[in-house]
Amino acid sequence: MIETLAISGYRSLRNIVLSLGRLNLVTGANGTGKSSLYRALRLLADAALNTVVGSLAREGGLPSTLWAGPETISRSVRLGEHPVQGTPRQKAVSLKLGFAGDPFSYCIDLGYPPPPPPPPPPPTLFNLDPEIKRECIWHGSVYRRAAVLVDRAHRVVQLSPAKTAKHEEPALLTKELSSTDSMLASIADPQRAPEMLAVRESIRRWRFYEGFRTDQASPARIPRIGTRTPVLNDEGTDLPAALQTIREIGDLAALDRTVDDAFPGSRVGVEVQNGRFEVQLHQHGLLRPLSAAELSDGTLRFLLWTAALLTPRPPELMVLNEPETSLHPDLLPALARLIAHAAARTQIVVVSHSLSLIESLEENESCRRLHLEKSFGETTVAGQTRFNTPKWEWPAR
């Protein structure tokens, strides 16, 4: 489980450290940084897939994603005694993402390429491509040099001295790693660095759900060839197969209970014709079941969340961005109970605007609320001070 999440230099998240529990609820007004927090978690996941540079490019590159305010905000500025103004930069441009967990912790540091050498410079049009400057995997909740297991500085990746025999130099894994490739996705050495494989596979299993299409042309309404589907994809196109998989190898009782909780007297089934699976909702009082094409947007969306959260293969982390979208307020208490049930098997982060969903989730004792605020363009956590902020250290470049 992730115990601490740290982000520095990404959009409004100038320098934020969060303590996470089993069930986490991220709230705040529009523009306070909730979407940035969600995207930062996705960027962390992209490091294990070796797509973090491409993901930043789709957001406009480093110039568009870096913290846009001054490097430091003085006390006099916060008190209104002086206007906000830029000062000469003292540190290198940096976008840093990291988490601490059990048993391993990880961080990545991205920045601009170094200045070109004296003329003539090598011909390139990619002068603004972000480079990975530093990556670390360490044991424990706080970075310490003595706890480092694998360390990457620019192109060199090596094991720490603690993992090698006494009086030996750190074991070199590679010294030619591309500046745009993550060590997690590029190096596989199960004998000398098994923790790299453990961290990579753990992150790759993270799941992100950011709403589903439920319009009349939605793929979830169309019968499809079904194969066993323990994990609903992020677009929900394999909903019938995912529901049938839950019925056969998952928690059938929880599925029936959840559907009845949201739609009293109803149950969900799957009809198969010529190998094509289609969702069928049996409702009390009707003589025939309703097909997916006949369901309302809200009903179909709730079934999609049900398939996602009752997965027979729970990941280490599941992140839900505004799951209340297009749902009637009467369905939100049932959704909250579904999320709380899923949190018993996986760590969950919910980003929400809905007061009804927030209140329902907070009835769960394990729910940890992180209310975001913004001051001088910087995202902060309500009630967090220097005395209750989780301890965090970034490796130096």
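Helix axes are lines fitted to C-alpha atoms over the stretch in contact, and angles run from 0 to 180 degrees between N-to-C directions. Helices α8 and α9 pack at an angle of about 155°, with their axes 11 Å apart. That makes α8 roughly antiparallel to α9 (over 145 degrees). This is a predicted model, in which local features need pLDDT of at least 70 and side-chain atom pairs count only at pLDDT 80 or more, while totals for chains, interfaces and linings use all residues. Residues are numbered from 1 along each chain as its sequence is written, and side-chain values use heavy atoms, with hydrogens and water left out.

**Helix α8**

**Contact with α9**
- Leu255, Thr258, Val259 and Ala262 in α8 meet Phe302, Leu303 and Thr306 in α9 (contact: heavy atoms within 4.5 Å).
- By class, this contact has 5 nonpolar, 2 polar and no charged residues.

**Backbone in the loops**
- Most residues other than glycine have a negative phi, and most peptide bonds are trans.
- A cis peptide bond, with omega about 10°, joins Asp102 and Pro103.
- Asn274 lies in the loop between β12 and β13, and its phi is near 55°, a positive value.
- Asn274 counts as exposed (over 50%) because its relative accessibility is 78%.

Technical notes
Helices (H or I, at least four residues) and strands (E, at least two) are DSSP runs, numbered from the N terminus. Angles under 35 degrees count as roughly parallel, over 145 as roughly antiparallel, 65 to 115 as roughly perpendicular and the rest as oblique. Ala, Val, Leu, Ile, Met, Phe, Trp, Tyr, Cys and Pro count as nonpolar, Asp, Glu, Lys and Arg as charged, and the others, Gly among them, as polar. Buried means under 20% relative accessible area, exposed over 50%, partly exposed in between (1.4 Å probe, protein chains only).
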